[in-house]
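Here is a friendly walk through one model, written for someone who likes cut-offs stated along with the values. Have the viewer open while you read.

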Amino acid sequence: MTTRLHARLEDEQLIKDFKQFVEDKYKKKRSFYSYEIELALIAHLVRNNYKDYPERYNDLIDEGDTSSNSSAHTHKITSHDKILIHEIYNQVQPGEEVPFNVLCKWMMRECGLKDLRTHKTHINNLLALGILQDTGDEKFSFYEVLEPPAVQ
C-alpha cells in the first residue's frame, strides 16, 4: 500500500537540489523521487532510534556513516544482494539486458524471496550500487547489467 504525504517546503533551492541529486544519481527523475524520500525518512528514524527501525532497515542504512554526516546515505550490501549479484554476473555479461521478471525468478530460486515488494527493494539497491541500470520505459521492466564496480 502506498500513502501520499503532503509537505510544504519553503526552501525552493532545497527542492531544486534534491531533484538534481535524483537525476544525477539515477539518470532519471520522477520514478526515483519517492524512493529517495523514503530512504531519507528511514535514515532519519534509524539515526534517532525510533521504535524498531534500526532492526527493520539494518540492511539499507549504515548507521555509522549516516550518523557522522547527516546528509550522507549509503547502501549496505545484504546477503541476498550478494547472492543476486553473483547470480546476475553468472547468467549474463555486462551490457546485456535482463527483464525484471527474470530477476524475480532468480531471487525466488536463489534467495527464497517471494514478495514482489522485496524484489523491488533489492532491484532499487542494485540500481543505487551501480550493478544495474534501468533501461525500460516503465519502472521495473528491463535492466542493463553494468560492469562490476571496482573494489576500493
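## A report on the fold and its contacts

Phe100 is buried, at a relative accessible area of 10%, where buried means under 20% relative accessible area, exposed over 50% and partly exposed in between, with a 1.4 Å probe and protein chains only. Before going further, please note that this is a predicted model, in which local features need pLDDT of at least 70, side-chain atom pairs count only at pLDDT 80 or more, and totals for chains, interfaces and linings use all residues. Residues are numbered from 1 along each chain as its sequence is written, and side-chain values use heavy atoms, with hydrogens and water left out.

### The overall layout

The protein chain has seven helices and three strands. Helices (H or I, at least four residues) and strands (E, at least two) are DSSP runs, numbered from the N terminus. Along the sequence they follow the pattern α-α-α-α-α-β-α-α-β-β. The protein chain has 152 residues, of which 32% count as buried. If you take the contacts (heavy atoms within 4.5 Å) between residues at least 6 apart in sequence, 39% join residues at least 24 apart.

### The aromatic pair

Back to Phe100, then. A pair of aromatic rings is described by the distance of the centres and the angle of the planes. The structure holds one aromatic pair. Rings of Phe, Tyr and Trp (its six-membered ring) pair if their centres lie within 6.5 Å, and planes under 30 degrees apart count as stacked, over 60 as edge-to-face and the rest as tilted. The ring centres of Phe100 and Phe140 are 5.4 Å apart and the planes stand at 50°, so this pair is tilted. Because Phe100 belongs to helix α6 (residues 100-111) and Phe140 to the loop between β2 (132-134) and β3 (142-145), the pair ties together parts that are 40 residues apart in sequence.

Phe140 is buried as well, with a relative accessible area of 15%. Which residues does Phe140 contact, leaving aside its neighbours within four places in sequence? They are Phe100, Lys120, Ile123 and Asn124. From Phe140 to Lys120, the C-alpha atoms are 7.4 Å apart in space, with the two residues 20 apart in sequence.

The strands form an open sheet of three in the order β1-β3-β2, with antiparallel pairing. Two strands pair if DSSP finds at least two bridges between them. At the edges stand β1 (97-99) and β2, each with a single partner strand, so one side of each has no neighbour in the sheet. From one strand to the next, the twist averages 35°. The antiparallel strands β1 and β3 are joined by three bridges, and Val98 stands opposite Tyr143 in β3. Helix α6 packs on this sheet, touching β1, β2 and β3, and its direction makes about 70° with that of β1. For these angles, axes are lines fitted to C-alpha atoms, for helices over the stretch in contact, and the values run from 0 to 180 degrees between N-to-C directions.

### Salt bridges

The structure holds three salt bridges. A salt bridge is a side-chain nitrogen of Lys or Arg within 4 Å of a carboxyl oxygen of Asp or Glu.

| Pair | Closest N and O atoms |
|---|---|
| Glu87 and Arg109 | 2.6 Å |
| Glu110 and Arg109 | 2.9 Å |
| Arg117 and Asp115 | 2.8 Å |

Is Glu87 buried or exposed? At 8% relative accessibility, Glu87 counts as buried, whereas Arg109 is exposed at 51%. Glu110 is partly exposed, with a relative accessible area of 35%. Glu87, Arg109 and Glu110 are linked in a network of salt bridges. As for the remaining pair, Arg117 is exposed at 58% relative accessibility, and Asp115 is partly exposed at 31%.

### Helix α2

Helix α2 (residues 33-47) has 15 residues and spans 21 Å from its first C-alpha to its last, close to the expected 21 Å; the expected span is 1.5 Å times one less than the number of residues. Buried residues in α2 include Tyr33, Tyr35, Glu36 and Leu39, and also Ile42, Ala43 and Val46. Just after α2, Asn49 takes a positive phi of about 50°.
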